[in-house]
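Please follow them with the structure in view.

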Amino acid sequence: MPSEIWPYITPGIPDELFEHLPGIPLSQREVRLLLIAQLRLQPDSVLWDIGAGTGTIPVEVGLLCPGGQIIAVERDEEVANLIRRNCDRFQVKNVEVIEGSAPECLQELKVSPHRVCIEGGRPIQEILQAVWDYLPATGRVVATAANLESLYAISQSFAQLRARNIEVVQSAVNRLEMRGFSQTFAAVDPIFILSGEKLD
C-alpha cells in the first residue's frame, strides 16, 4: 500500500527518504531489495525483524504486505523510537516495535513468525537457535553477515539446524556519484545474505 512519500507498489525506497541517526545501521536500498527477495513473503506473512536498526525492512515489508504483521526487535530505546518515527513517516500501520535483546525477549512476542530476518546481534548462533524453535515447517530465516566471522557462524548454525534450501548471496553494488566535477562509481559495502528453510 503506497504512502505519500513513496507512492509506488514496488520496494526500493531511496535511503535518504528515511530518518536516520549517526552510527545506526541502515540497510542500503540495493541490499534491502536482495534481502526482501530472499524472504519470499506472502500477503499475510508474520515477519520478525531482529536487530531492525533504522527500520528500513519493516517499512518496506509493511508497505509491500499491508495484510501482514511485522515485529521489529531492537534493544536500544532511541533506535526503537527511530523505527517508530520511520513507520509513521511512511504511514505504515502493521509494524510493532519491541524493545529488548534477542534471544531473551523472543518469548515475550505474542505471535509466531513465518519469516525471520536477522540483521544484527552478537550472539547470532543463539538467536538462530531460538528463532528456529518458533518457526513452523516451511518457515524461512534470512540473515546478513558483514564479515567472515558472522558468515561462518551463520553457515555453521544452518548446518546444525539442518536447514534446507540454503542460499548465500553476496551483494556487489556500485552507485554513480559526483566527486567535484567528475562522475564516478562508489561501491556499497558488500554484505552476505544467507537464507534457509525449516522443512520438518
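Strand β5 covers residues 139-145, and seven of its seven residues are buried, that is, under 20% relative accessible area with a 1.4 Å probe and protein chains only (exposed is over 50%, partly exposed in between). Strands here are DSSP runs of E with at least two residues, numbered from the N terminus. This is a predicted model, in which local features need pLDDT of at least 70, side-chain atom pairs count only at pLDDT 80 or more, and totals for chains, interfaces and linings use all residues. Residues are numbered from 1 along each chain as its sequence is written, and side-chain values use heavy atoms, without hydrogens and water.

Gly-139, Val-141, Ala-143 and Ala-145 point one way from β5, while Arg-140, Val-142 and Thr-144 point the other way; all are buried.

Which strands pair with β5? Pairing requires at least two DSSP bridges between two strands. Strand β4 (residues 115-118) is parallel to β5, with four bridges, and Ile-118 has Ala-143 as its bridge partner. Strand β9 (residues 192-198) runs antiparallel to β5 through seven bridges; there Ala-143 stands opposite Leu-194.

The model also holds one cavity of 30 Å³ or more, a cavity being a set of points on a 1 Å grid over the protein atoms alone where a 1.4 Å probe fits but cannot get out. The lining residues, with an atom within 4 Å of a point, are Trp-6, Tyr-8, Ile-9, Thr-10, Pro-11, Glu-60, Leu-63 and Leu-64.

Methods: 1 Å grid on protein atoms, 1.4 Å probe; cavity = no way out; pocket = protein on both sides within 12 Å on 5 of 7 lines; lining within 4 Å. Points joined across faces, edges and corners; volume = space filled by probe spheres on them.
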